[in-house]
Amino acid sequence: MRSLSFRITRLVSALIVLGGCERQEQPPAPTRSAPAPVKASAPAPVPPSRSTTEQELRERLRCEALLGFSGLLAGQQEYFGEKDAWTTDVTRLPTPAPCTDGSRVPTPDATWLAGCHFRYAVSMAGSLPDNSTFSVRAVGVGGLAEGLTYSMTHGYVDGKPVRVWPSELVLEECHGVRRPEGTPLPAPLCEGASNLKALFTSEKAYFGEKDRYSESAAQVGFAPEPCLDGSRAPVPDDTWTAGCRFIYRAEVSGTAPEQTFLLTARGMKGPVVEQKLTLDSQYTWSPADPGCAP
């Protein structure tokens, strides 16, 4: 932004030029002294402020940690589904994304996983399937990441699911932010589209066993994930199943085995409020398939 003194200097220069034109018509008396030159004062010092670039980098770092946690959470859940236990063996878990040039931060030993700007340590508490948790700690290394530390916990306590998630890591703030390896996060609408595809697959598998479809999500084995902080969208009644921002319902028509179904995903919070997707038993989308990656 131009300083006030700069504008004054330009204004004075313009006035001098205009005044020069007038003097050509009516020159001043020889005894009149020339006006004193106008001196531009030094601009006032601008207080230092954090650059937009630094803010963007810090946002990307938070999103990198969030994605690292999300990947490790999914890996642990897959392992738990097979073994009824969590694991601290990092070779059984997905490796966080590297930087675009393939580099990763150093780790103290083989018990850590390395990402682009963070390294991750995994620990466990408890041993029984319904009374055990795992925790992940992300530690920033070098540059703006140095000193940043985040922790998350997931599992079961007395048979009830628990999740502790760092409040600074918010998925909504990461849409449009590029991942460490350079690819952008999917649009929020993709949550609804991906879960409708999963519900479609569950209905078809259930039909293959029972020769009928079902309106019960529990019966067909459809259980959408909550938000990363463990919260779910509100449901109007028990015909709906809640995910993170979307809720889902299956409506079955006809008499078995000659049945059809219509699946609905309705956005309930955040950027997808009032958005609606449907998918029928012939795999017809309305509106068109958003084209989200599986």
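Mentor: A salt bridge is a side-chain nitrogen of Lys or Arg within 4 Å of a carboxyl oxygen of Asp or Glu. The model is predicted, so local features need pLDDT of at least 70 and side-chain atom pairs count only at pLDDT 80 or more, while totals for chains, interfaces and linings use all residues. Residues are numbered from 1 along each chain as its sequence is written, and side-chain values use heavy atoms, with hydrogens and water left out.

The structure holds 5 salt bridges. Among them is the pair of arginine 163 and glutamate 225, whose side chains meet at 3.6 Å, N to O. To place the partners, one needs the layout of the protein chain, which has 4 helices and 10 strands; these are DSSP runs (H or I of at least four residues for helices, E of at least two for strands), numbered from the N terminus. From that terminus on, the order of the elements is α-α-β-β-β-β-β-α-α-β-β-β-β-β.

The side chain of arginine 163 joins that of glutamate 225 in a salt bridge. Because arginine 163 lies in strand 5 (residues 160-164) and glutamate 225 in the loop between helix 4 (217-220) and strand 6 (241-242), the pair ties together parts that are 62 residues apart in sequence. The two partners can also be described by their accessibility: buried means under 20% relative accessible area, exposed over 50%, and partly exposed in between (1.4 Å probe, protein chains only). Arginine 163 has 16% relative accessibility and therefore counts as buried, whereas glutamate 225, at 38%, counts as partly exposed. As background, 34% of the 294 residues of the protein chain count as buried.

The next salt bridge brings together the side chains of arginine 245 and glutamate 172, at 3.0 Å, N to O. Arginine 245 is in the loop between strand 6 and strand 7 (246-255), and glutamate 172 is in the loop between strand 5 and helix 3 (189-210), so this pair ties together parts of the chain that are 73 residues apart in sequence. With a relative accessibility of 3%, arginine 245 counts as buried. Glutamate 172 reaches 35% and so counts as partly exposed.

Arginine 245 also forms a salt bridge with glutamate 191, their side chains meeting at 3.0 Å, N to O. This pair, too, links distant parts of the chain: glutamate 191 belongs to helix 3, arginine 245 to the loop between strand 6 and strand 7, and 54 residues separate them. Glutamate 191 counts as buried because its relative accessibility is 16%. Through salt bridges that share partners, Glu172, Glu191 and Arg245 are joined into one network.
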